[in-house]
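Good morning, colleagues. Please look at the sequence and the structure while I speak.

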Amino acid sequence: MKSDIMKKGVERAPHRALLKACGVTDEGIERPFIAVVNSWNEIVPGHIHLRQVADAVKTGIHSAGGSPFEFHTIAVCDGLAMGHDGMRYSLPSRDVIADSIEVMIRAHAFDGMVLISSCDEIVPGHLMAAARLDIPAAVVTGGPMHSGVFKGENVDIISVFEAIGKLKGGKISEDDLKELEDCACPGAGSCAGMFSANTLACGVEALGLSLPGCATAHAIDISKLRIARESGKRIVSLVKDDVTARDIMSYDAFENWMRVSMATAGSTNDVLEILAIAKEADIKISLDSFDKISRKTPHICNMRPGGVYTMLDLDRAGGIPAVMKRLRELLNLECITVTGKTVGENIKDVEVIDDEVIRPLSAPIHSEGGIAVLRGSLAPNGAVVKQTAVDEQMLRHTGPARVFESEEDSIDAILNGRINDGDVVVIRYEGPKGGPGMREMLAPTSAIYGMGLKVLLVTDGRFSGGTRGPCIGHVAPEAADGGPIAIVEEGDMIKVDIPARKLDIVIKESELKMRLRRWKPRERNVKGYLRRYAELCLSSDKGACMK
């Protein structure tokens with residue numbers, strides 16, 4: 001065992017004495033040391049219940065003959081950070097989380113770890129650490145929140161964001177907004193649709209690091225604690241069998257993750273997360289990998305925000321095992337998982353319970369998957385759009401650029417009626433380096449949707465998993481790196497053709513080159529961690545993680 005270096009032999013008597021100060025017995029010292037990496041706190045709804053989940057994991061570890069030790073990582077709520085400078089810290093927090101886990105695992109010579117998280121950047125931070133450290137690992141995601149009910153309809157946090165635009169457009173009253181605010185988020189869990197956190201949870205299960213059913217087992221459902229307990233047992237077996245994280249996190253397993261994400265029209269943030277995690281695992285995945293898989297993967301789950309179904313609907317239909325059963329002919333079935341079995345063995349006896357929620361491959365919602373990667377004169381290194389959430393009439397569009405240097409400037413223009421149907425809202429200097437931190441543009445996209453505007457939005461920032469409509473993000477190179485988005489001028493015509501995967505600025509090539517030559521970097525006074533992140537981060541087409 002790796003922990004033997006810290007606890008075996010006469011010279012380790014001081015170490016054993018310190019362990020005994022923590023209440024560890026001689027018998028406990030002989031057992032595998034398992035880190036329970038929790039991310040509980042009292043301000044993130046997706047994490048407020050994770051103490052109970054961790055307790056269940058520890059019970060499972062004890063029963064299987066391991067010694068659990070719990071420690072915590074930070075967790076940012078993207079919803080609470082949205083629309084202000086706090087959002088600059090969300091994506092960069094992945095690297096802080098991964099680094100802190102590395103420090104704790106290496107310093108204390110753990111034999112294995114169970115990672116417990118729910119929300120947007122905590123899950124990938126944990127997975128980056130798993131890939132980097134390459135010790136036995138299992139992941140327990142905290143589970144979705146139930147939907148709220150407002151005037152007889154299911155609602156969630158995105159309903160509230162979009163209601164601001166509806167209020168400005170005179171579609172609802174302030175009393176309606178208050179009533180919605182009070183009921184949209186009824187308790188613990190990650191937000192109820194196929195938004196970023198739940199997209200990631202589904203991806204982790206498809207990857208093979210979570211037990212079947214984990215992603216859709218809801219936060220307040222007792223099945224979550226049963227899965228947590230069983231995960232505690234499984235990690236001890238993984239340690240004994242020396243099955244490490246990278247044994248599971250193969251290229252083929254990542255491909256399974258991408259297939260499931262495309263079939264369920266998951267968040268565009270999945271692109272950033274997979275690129276960053278794969279980098280830690282020394283696996284080469286490019287932006288084009290997503291587009292290639294999307295073209296060959298039908299969209300079979302019509303999930304919110306682009307569709308109508310919630311995570312509870314998906315769970316009742318059979319969850320991710322049922323989605324994978326539908327996708328069987330497209331998956332790499334020989335990949336091993338934390339169950340100790342292969343993907344094919346895991347889904348052998350699975351049944352799809354609801355053909356409307358999880359459609360047959362022969363009757364998809366769309367013939368292609370959720371995400372498309374665009375390129376062109378405005379995005380030479382690529383841009384990303386959730387194509388299945390775009391109305392058919394906006395799949396191809398040409399319109400005048402309305403240029404904004406920040407999210408705040410754009411939302412002011414949108415809410416105060418200065419944006420017209422047909423416009424192309426361009427928000428720049430919101431990329432990984434230029435933000436810094438690559439904020440999500442949920443406030444402007446929700447306002448646009450809520451107000452019923454027919455516009456295109458293009459940014460070097462990113463989007464919430466709750467964004468819907470013609471919203472193109474991750475434009476690379478970003479403005480801060482002197483990409484073409486930096487030289488777009490008010491009124492320039494922007495042309496998008498999503499089926500053709502094109503995003504262009506409609507000006508002469510000579511004009512484009514002249515503007516690029518004249519461009520000068522924008523100076524910003526950034527301090528603290530964000531300064532380090534801005535200096536060390538990769539571009540969005542490389543995952544926006546630190547070098």
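I shall go through the domains, the sheet, the hairpin, the salt bridges and some backbone details.

This is a predicted model, in which local features need pLDDT of at least 70 and side-chain atom pairs count only at pLDDT 80 or more, while totals for chains, interfaces and linings use all residues. Residues are numbered from 1 along each chain as its sequence is written, and side-chain values use heavy atoms, with hydrogens and water left out.

Let me begin with the domains. The protein chain is divided into domain 1 (31-146 + 187-347), domain 2 (160-184) and domain 3 (371-542); these bounds come from an automatic or database domain assignment. Between the C-alpha centres of domain 1 and domain 2 there are 33 Å.

I turn now to the parallel sheet. Helices (H or I, at least four residues) and strands (E, at least two) are DSSP runs, numbered from the N terminus. Two strands are said to pair if DSSP finds at least two bridges between them. Four strands make up an open sheet, with parallel pairing and the order β2-β1-β3-β4. At its edges stand β2 (67-72) and β4 (137-141), each of which pairs on one side only. On average, neighbouring strands of this sheet are turned by 20 degrees against each other, direction ignored. Axes here are lines fitted to C-alpha atoms, for helices over the stretch in contact, and angles run from 0 to 180 degrees between N-to-C directions. Within the sheet, β1 (residues 33-38) and β3 (residues 112-117) are joined in the parallel sense by four bridges, and Ala35 has Met113 in β3 as its bridge partner. Helix α11 (residues 222-241) lies across β1, β3 and β4, and runs at about 175 degrees to β4. Contact, in this talk, means heavy atoms within 4.5 Å.

What is the sense of pairing between β9 and β13? Strand β9 (residues 396-404) pairs with β13 (residues 493-497) in the antiparallel sense, over five bridges. Arg396 has Asp497 as its bridge partner in β13. Strand β13 also pairs with β14 (residues 502-505), again antiparallel, over four bridges, and Asp497 stands opposite Lys502 in β14. The hairpin of β13 and β14 has four residues between the strands, and there Arg501 takes a positive phi near 65 degrees.

Next, the charged pairs. A salt bridge is a side-chain nitrogen of Lys or Arg within 4 Å of a carboxyl oxygen of Asp or Glu. By this rule the count is 40 salt bridges. For accessibility, buried means under 20% relative accessible area, exposed over 50%, and partly exposed in between (1.4 Å probe, protein chains only).

Glu273 forms a salt bridge with Arg94, and their closest N and O atoms are 2.7 Å apart. This pair links distant parts of the chain, with Glu273 in helix α14 (residues 269-280) and Arg94 in helix α6 (residues 93-107), 179 residues apart. Glu273 counts as buried because its relative accessibility is 1%, and Arg94 is buried because its relative accessible area is 0%.

A salt bridge also joins the side chains of Glu407 and Arg439, at 3.8 Å from N to O. Here Glu407 belongs to helix α19 (residues 407-415) and Arg439 to the loop between β10 (424-427) and α20, 32 residues apart. Glu407 is buried at 1% relative accessibility, and Arg439 is buried at 0%.

Is Glu509 buried or exposed? Glu509 is exposed, with a relative accessible area of 54%. Its salt-bridge partner is Lys513, with the closest N and O atoms 3.3 Å apart. Lys513 counts as partly exposed at 46% relative accessibility. Elsewhere, salt bridges with shared partners join Asp78, Arg94, Glu121, Glu273, Glu440 and Arg462 into one network.

Finally, the backbone. Most residues other than glycine have a negative phi, and most peptide bonds are trans. A cis peptide bond joins Arg304 and Pro305, with omega about 20 degrees, and Pro305 lies in the loop between α15 (287-295) and α16 (311-316). Ala476 and Pro477 are also joined by a cis peptide bond, with omega about -5 degrees. His474, in strand β12, has a positive phi of about 60 degrees although it is not a glycine, and counts as buried at 3% relative accessibility.
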